[in-house]
Amino acid sequence: MKQECISDALNMLPDDMIEETGKLREHPAKSKHNSWKWMAVAACLIAAVYAGIRFLLPWVPAGGGGWSPDNNGQKLPILTIAEDTSDAMGFEGYLAYDISELVNENPWNETMKLTTLPVYQNRLTYDEYYRVSGGDFEAMEALLLDIAGRLGMNTDELEIKDDTPDEEQQSAIIEKLEMVGDDVPEGYFAPTKLIAESNGIQIEVDTALTAAITFEPAVTLPGEYNYTYESTYEELEVVAEYLKEQYGALIGMEEPILDIHGGDYNIYNQQGYELAFYEGDGDITSRMLNYNFNQTIFYCDDNGKLFLVRVFHPDLSDKTGDYPAISPEEAETLLLNGNYITTVPEEVPGQDYIAGVELVYRTGSREEYYMPYYRFYVELPGMERDNGLKTYGAYYVPAIDGEYISNMPVWDGSMN
């Protein structure tokens, strides 16, 4: 038993018991029978108290899993990082002449000293057929009706339907699967979206609680606003003021922060941005969560008209806990050690190629936990183009202490 544990156990013994054992040390000539009796009782109590402490303290079984205590002795579940979270083809890379061209309004910066960061359980799960479970259709309907109300729709008369295929569509799908010798998996036709439409506006809410608002026909902005895929940052700032005025109720924020993000180039050497808002009210943790999870993004079409708005409002009700955070410097050490997740088909070429870092949450649908990561932007020298455009790959290092992760990622050459 460690000395400090014995000391803690002694501090929990009754004062009269400690006093009696102290007298026995001061007067050893007294009855040996009584001395041994009290010493035995004291030893038993110490052992019992120590065992109780060990029983009450959170612990981590050998080999990971279970629980681990935070700085306040509270139980925190050990987290598992999902091995396959890729939702798209290709890899996450950004084309720019310089890293300074890649911009966003992330409220985090490297001067912040965050000791803990919240982690949330993703309540959605997917099987091998990418069928989703865990969708909350009451929450989906509530979000749909809330957005409909913000758009001025009559929610009492609004017809809400789901995306279950009709009998003709189901028969066609069954027939195609039978032709290749497959059966329709159970639950294949289960609904995944709620849909409502009124006066040329369609609202569609999926199980991830993302609402897509589509305008048909698309909305033409006044002539003085240049709203296209090639709009400059400054032009989008002007457009954003107009959209905030016209769609303030839809945005629905106390202190909307404009987030014009992007700045990377496409294969035609054209620079592009997205226009979004997030709630800026609250402390830094609230702003970070809103930036990562609760954005409203506006989209133009090929003709420079507003045709789509997405409102992101995922379910963060299942909080796992506040976990000890590591610093960007500690994360960089892990990065250079290969402890990262990436879709880039190359390992980090070295410290000299690290161009930037930011703290973000990975919010993909297949994430088991919504947890914070440091996203490092790393220049890939082998992918620089003849015109000088550089490729910056994204590499993710968990931002919480590795003690709370059962499977710290180690890049093995595959695309995660």
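## Basis and strand pairing

Two strands count as paired if DSSP finds at least two bridges between them. Helices (H or I, at least four residues) and strands (E, at least two) are DSSP runs, numbered from the N terminus. This is a predicted model, in which local features need pLDDT of at least 70 and side-chain atom pairs count only at pLDDT 80 or more, while totals for chains, interfaces and linings use all residues. Residues are numbered from 1 along each chain as its sequence is written, and side-chain values use heavy atoms, with hydrogens and water left out.

Strands β11 (residues 256-265) and β12 (residues 271-279) run antiparallel and are joined by eight bridges. Pro256 faces Glu279 in β12. Five residues lie between the strands of this hairpin. Among the loop residues is Asn269. Asn269 has a phi near 65°, a positive value in a residue other than glycine.

## The β15-β4-β18 sheet

Three strands make an open sheet in the order β15-β4-β18, with antiparallel pairing. β15 (319-324) and β18 (369-370) are the edge strands, each pairing on one side only. Five bridges connect β4 (residues 116-121) with β15. One of the bridge pairs puts Leu117 with Tyr323 of β15. Strands of a sheet pair through backbone hydrogen bonds, either parallel or antiparallel.

## Salt bridges

The count is nine salt bridges (a side-chain nitrogen of Lys or Arg within 4 Å of a carboxyl oxygen of Asp or Glu). Glu92, Glu358 and Arg375 are linked in a network of them. Glu92 and Arg375 meet at 3.3 Å, N to O. This pair links distant parts of the chain, 283 residues apart: Glu92 sits in the loop between β2 (75-77) and β3 (93-96), Arg375 in strand β19 (residues 372-379). Glu92 is partly exposed at 21% relative accessible area. Arg375 is buried at 14%.

Arg375 also meets Glu358, at 2.6 Å, N to O. Here the partners are 17 residues apart, Arg375 in β19 and Glu358 in strand β17 (residues 354-361). Both Arg375 and Glu358 are buried. A further salt bridge joins Asp127 to Arg131, with the closest N and O atoms 2.5 Å apart. Asp127 is partly exposed, at 25% relative accessibility.

## Contacts of Gly356

Gly356 lies in strand β17. Leaving out residues up to four places away in sequence, Gly356 touches Arg375, Phe376 and Tyr377 (contact means heavy atoms within 4.5 Å).

## Around β10

Leu209 lies in the loop between β9 (201-206) and β10. Its phi is near 60°, positive in a residue other than glycine. Leu209 is buried, at 9% relative accessibility. Thr210 belongs to strand β10 (residues 210-219). Thr210 is buried too, at 14% relative accessibility. Leaving out residues up to four places away in sequence, Thr210 touches Glu204, Val205, Arg310, Val311 and Phe312.

Pro217 is also found in β10. The peptide bond from Glu216 to Pro217 is cis, with omega near 5°.

## Helix α8

Helix α8 (residues 284-293) is mostly covered, with seven of its 10 residues buried. These are Ile284, Met288, Leu289, Asn290, Tyr291, Asn292 and Phe293.

## Second largest pocket

The second largest pocket holds about 490 Å³ of space. Its lining has 24 residues, and the closest to its centre are Tyr130, Arg131, Val132, Ala190 and Thr192. A pocket is an open set of points on a 1 Å grid over the protein atoms alone, where a 1.4 Å probe fits, with protein on both sides within 12 Å along at least five of seven lines; lining residues have an atom within 4 Å of a point. Grid points are joined across faces, edges and corners, and a volume is the space filled by probe spheres set on the points.

The lining divides into 12 nonpolar, seven polar and five charged residues. Ala, Val, Leu, Ile, Met, Phe, Trp, Tyr, Cys and Pro count as nonpolar, Asp, Glu, Lys and Arg as charged, and the others, Gly among them, as polar.

Key:
Buried means under 20% relative accessible area, exposed over 50%, partly exposed in between (1.4 Å probe, protein chains only).
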